[in-house]
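Please keep the sequence and the coordinates in view while reading.

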Amino acid sequence: MTAADSDNWDVYVEDNALVADFAADISTDESVFAAVNEEFERLAADPDVDTHISVLRMDSPLNSDVFEKAREAAAVGVEHGIHSWITVSGGIKSHALKSEVGNIEGVEIETASTVEEALALADE
């Protein structure tokens with residue numbers, strides 16, 4: 001497993017999945033998005049990675065900036081052969097992100113209730 005993290009996010013590879021885990025108190029500041037996306041791009045280049053898992057623990061509502069960054073990440077993922085995207089979140093966040101990322105050509109998106117469930121789906 002490779003990891004790079006800060007106080008409020010963690011991006012790592014587990015088996016064939018690139019996992020981006022966003023804590024409840026994550027900042028939606030542009031510098032945070034830039035750091036997450038840089039690490040995402042670095043890890044997406046791993047030829048064994050074919051699935052992305054977004055873990056949305058954040059308290060704040062998802063806004064247009066978050067959706068834009070998610071769409072950008074999905075497009076980068078497709079360039080690296082990542083066509084499966086799984087969102088993990090309680091409540092409506094997973095479904096909101098699913099509707100946004102699901103519009104990206106070449107991306108199939110699913111939802112899961114837990115990281116363990118998402119990893120099992122990624123392994124199928």
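Helix H2 supplies four residues to the lining of the second largest cavity, the largest share. The model is predicted, so local features need pLDDT of at least 70 and side-chain atom pairs count only at pLDDT 80 or more, while totals for chains, interfaces and linings use all residues. Residues are numbered from 1 along each chain as its sequence is written, and side-chain values use heavy atoms, with hydrogens and water left out. Helices (H or I, at least four residues) and strands (E, at least two) are DSSP runs numbered from the N terminus.

A cavity is a set of points, on a 1 Å grid over the protein atoms alone, where a 1.4 Å probe fits but cannot get out; lining residues have an atom within 4 Å of a point. Grid points are joined across faces, edges and corners, and a volume is the space filled by probe spheres set on the points. In the whole structure, two cavities of 30 Å³ or more are found.

The second largest cavity has a volume of about 30 Å³. Strand E5 (84-88), like H2, gives at least two residues to its lining. Among the lining residues are Phe-40, His-52, Ala-73, Trp-85 and Val-107. By class, this lining holds seven nonpolar, three polar and no charged residues, where Ala, Val, Leu, Ile, Met, Phe, Trp, Tyr, Cys and Pro count as nonpolar, Asp, Glu, Lys and Arg as charged, and the others, Gly among them, as polar.

H1 contributes the most, with five residues. The lining divides into 14 nonpolar, five polar and one charged residue.

The structure also holds two salt bridges, each a side-chain nitrogen of Lys or Arg within 4 Å of a carboxyl oxygen of Asp or Glu. In one, the closest N and O atoms of Arg-57 and Asp-21 are 2.8 Å apart. Because Arg-57 lies in the loop between E4 and H2 and Asp-21 in strand E3, the pair ties together parts that are 36 residues apart in sequence. Asp-21 is buried, at 15% relative accessible area, whereas Arg-57 is partly exposed, at 45%; buried means under 20%, exposed over 50%, and partly exposed in between (1.4 Å probe, protein chains only).

The other salt bridge joins Arg-42 and Glu-39 at 2.6 Å, N to O. Both residues lie in helix H1, three residues apart, about one turn of the helix.

How values were computed. 1 Å grid on protein atoms, 1.4 Å probe; cavity = no way out; pocket = protein on both sides within 12 Å on 5 of 7 lines; lining within 4 Å.
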